[in-house]
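Me: I have a model open and would like to talk it through with you. Could we go over a few of its details together?

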Amino acid sequence: MKAQPPASHFIDGEYVEDIDGTPFDSIYPATGEVIARLHAATPAIVEKAIAAAKRAQPEWAGLSPTARGRILKRAAEIMRERNRELSELETLDTGKPIQETIVADPTSGADAFEFFGGVAAAALNGDYIPLGGDFAFTKRVPLGVCVGIGAWNYPQQIACWKGAPALVAGNAMVFKPSENTPLGALKIAEILLEAGLPKGLYNVIQGDRTTGPLLVNHKDVAKVSLTGSVETGRKVAGAAASSLKHVTMELGGKSPLIVFEDADLESAIGGAMLGNFYSTGQVCSNGTRVFVQKGIKDRFLSRLKERTEKIIIGDPMDEATQLGPMVSRAQLDKVFSYIEKGKAEGATLVTGGGIPNSVSAQGTYIQPTVFADVTDEMTIAREEIFGPVMCVLDFEREDEVIARANGSEFGLSAGVFTSDLTRAHRVVDQLEAGTLWINTYNLAPVEVPFGGSKQSGFGRENSLAALNHYTELKSVYVAMGPVQSPY
Ligand code: NAD
């Protein structure tokens with residue numbers, strides 16, 4: 001299987017190569033096959049991308065929002081027309097099963113282009129402020145050159161979630177995908193060009209943790225939006241602060257999902273499974289601390305075990321497959337090391353914990369894993385694992401579970417399952433998280449702001465809120481009479 005792009009980078013409307021950059025391979029996680037060989041960006045490539053963005057941005061910002069939005073909506077149409085091709089590429093890039101990518105990845109990217117393209121004409125207006133004769137008005141203006149840096153779990157979605165609001169607001173973007181998943185963003189750049197986006201406005205360059213700082217520290221960059229780990233977030237926000245750049249930080253989590261005794265049990269189990277096993281557990285907002293009220297613990301665990309053991313693991317290109325491999329060997333090893341810690345610290349392994357049968361030995365597969373009797377102090381209850389490992393913790397009282405759910409440095413997401421709606425609202429009001437769900441989990445439609453609090457980051461993606469993070473306000477005071485001066 002090959003997915004070799006014409007070149008490593010996409011700058012100023014065309015593919016560009018610089019073989020002086022460090023070579024790296026793109027590996028299909030299901031088989032370990034090398035599917036493409038690319039080169040990390042050299043400083044010359046970084047300069048070229050930022051210069052192209054800087055040159056193209058002012059004319060783009062001078063178009064009406066309607067004209068910019070029209071191009072994004074066209075890009076959304078192309079993405080939908082090519083959904084299968086893009087989904088297959090996403091599966092090759094990440095190892096996620098086609099059953100998921102075909103409904104969740106390019107489609108979610110297309111939703112972002114459609115939403116931001118559609119709202120552009122109405123959402124970028126300013127205010128008129130009457131001042132008794134004099135008046136003022138505000139303008140919402142683009143920031144200039146914005147940098148997007150992506151994680152490897154949703155490469156196409158991240159490229160679009162950052163690109164769509166940035167572009168529609170009149171900015172240019174230089175996007176660096178994760179070195180683990182370099183392919184999808186290049187296709188997004190191609191599609192935007194085909195949709196009519198002028199050259200230089202959406203550039204993609206490859207590289208790793210050594211390339212990112214070249215972008216973050218660049219004097220011509222106005223904003224950095226990162227999706228990544230907390231550790232990287234601290235470095236990127238720190239570097240951006242030294243030159244006072246705008247930042248959006250979409251970071252990690254260890255989110256609580258609380259199941260009360262009166263919850264619809266099958267729904268709650270379904271929500272917990274989706275919130276731990278979808279994308280092989282590589283979802284930032286996953287509800288990895290599942291708090292189950294004591295009275296239903298045994299029933300919850302026995303149905304969870306039964307349903308988890310029926311999950312179909314295998315070839316990601318087979319539409320029947322429900323769980324693919326982890327993105328890389330390094331990530332797989334990390335997840336296995338957490339499973340060992342869970343066992344060593346006394347958690348009960350309910351199911352999983354090993355390598356599944358009948359998958360390629362070169363693939364980075366792992367069984368969906370459930371631990372019960374997990375306590376708040378255990379490493380697996382405190383640290384983000386980023387794999388298909390669910391921790392089930394017991395609780396008795398509402399006030400107790402709220403305090404324990406909030407006892408984490410993270411604050412990305414949280415969920416509550418209960419049939420008592422008053423309780424549901426009372427609990428979500430007290431949970432410290434940016435994105436919360438009642439009686440479902442992990443849905444992130446483009447209309448709803450998405451993002452975290454505490455160490456999970458700041459800023460929001462999706463919804464009109466994202467436009468605020470890619471623009472700044474200009475206030476203009478207009479005097480209607482002579483200046484009253486004491487001098
Ligand atoms: P990572 O932090 O290792 O890397 C993220 C990106 O940052 C990569 O492109 C990487 O090359 C780049 N990078 C690394 N060091 C950098 C530096 N010093 N300067 C600039 N760029 C640098 O994360 P990952 O392993 O790719 O992704 C997994 C993490 O991402 C998890 O913690 C997960 O929770 C988080 N995540 C968050 C969200 C969200 O929306 N909140 C979504 C997906 C993933």
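This is a predicted model: local features need pLDDT of at least 70, side-chain atom pairs count only at pLDDT 80 or more; totals for chains, interfaces and linings use all residues.

Me: Happy to start with backbone angles. What is the phi of Leu-244, near which value in degrees?
Reply: Leu-244 sits in the loop that links helix 9 (230-242) to strand 11 (246-250). Most residues other than glycine have a negative phi. Leu-244 is not a glycine, yet its phi is positive, near 50 degrees.

Me: And is Leu-244 buried or exposed?
Reply: The relative accessible area of Leu-244 is 74%. The cut-off for exposed is over 50%, so Leu-244 counts as exposed.

Me: Let's turn to the second largest pocket. Which helix gives the largest share of its lining?
Reply: The second largest pocket holds about 270 Å³ of space. Two helices, helix 4 (98-104) and helix 10 (265-277), each supply at least two residues of its lining. The largest share, four residues, comes from helix 10.

Me: How many residues of that lining are nonpolar, polar and charged?
Reply: The lining of the second largest pocket includes Met-273, Leu-274 and Phe-277, along with Glu-100, Arg-307 and Gln-322. Sorted by class, the lining residues of the second largest pocket are two charged, three polar and six nonpolar.

Me: Gln-322 is in that lining, so let's stay with it. Is Gln-322 buried, exposed or partly exposed?
Reply: Gln-322 lies in the loop between helix 11 (297-308) and helix 12 (329-344). Its relative accessible area is 33%. Buried needs under 20% and exposed over 50%, so Gln-322 is partly exposed.

Me: How far apart in space are Gln-322 and Ser-279, C-alpha to C-alpha?
Reply: Not counting residues up to four places away in sequence, Gln-322 touches Pro-97, Gln-99, Glu-100, Lys-310, Ile-311 and Ile-312. Gln-322 and Ser-279 are 43 residues apart in sequence, and their C-alpha to C-alpha distance is 9.0 Å.

Me: Now a helix pair: how are helix 3 and helix 7 oriented, roughly parallel or roughly antiparallel?
Reply: The axes of helix 3 (residues 83-94) and helix 7 (residues 184-194) come within 9 Å and cross at roughly 155 degrees. Angles over 145 degrees fall in the antiparallel class, so helix 3 is roughly antiparallel to helix 7.

Me: Which residues of helix 7 make the contact with helix 3?
Reply: By class, this contact between helix 3 and helix 7 has three charged, one polar and three nonpolar residues. Helix 3 brings Glu-85, Leu-86, Leu-89 and Asp-93, while helix 7 brings Gly-184, Lys-187 and Ile-191.

Me: Is Ala-41 buried or exposed?
Reply: Ala-41 is in the loop between strand 4 (33-39) and helix 1 (43-61). Beyond its neighbours within four places in sequence, Ala-41 is in contact with His-9, Val-46, Ile-205, Gln-206 and Thr-211. The relative accessible area of Ala-41 is 10%, under the 20% cut-off, so Ala-41 is buried.

Me: What is the relative accessible area of Ile-258?
Reply: Ile-258 is in strand 12 (residues 256-259). Leaving aside neighbours within four places in sequence, its contacts include Phe-291, Phe-395, Val-401 and Leu-431. Ile-258 is buried, with a relative accessible area of 0%.

Technical notes. Residues are numbered from 1 along each chain as its sequence is written. Side-chain values use heavy atoms; hydrogens and water are left out. Buried means under 20% relative accessible area, exposed over 50%, partly exposed in between (1.4 Å probe, protein chains only). On a 1 Å grid over the protein atoms alone, a cavity is a set of points where a 1.4 Å probe fits but cannot get out, and a pocket is an open set with protein on both sides within 12 Å along at least five of seven lines; lining residues have an atom within 4 Å of a point. Grid points are joined across faces, edges and corners, and a volume is the space filled by probe spheres set on the points. Ala, Val, Leu, Ile, Met, Phe, Trp, Tyr, Cys and Pro count as nonpolar, Asp, Glu, Lys and Arg as charged, and the others, Gly among them, as polar. Axes are lines fitted to C-alpha atoms, for helices over the stretch in contact, and angles run from 0 to 180 degrees between N-to-C directions. Angles under 35 degrees count as roughly parallel, over 145 as roughly antiparallel, 65 to 115 as roughly perpendicular and the rest as oblique. Contact means heavy atoms within 4.5 Å.
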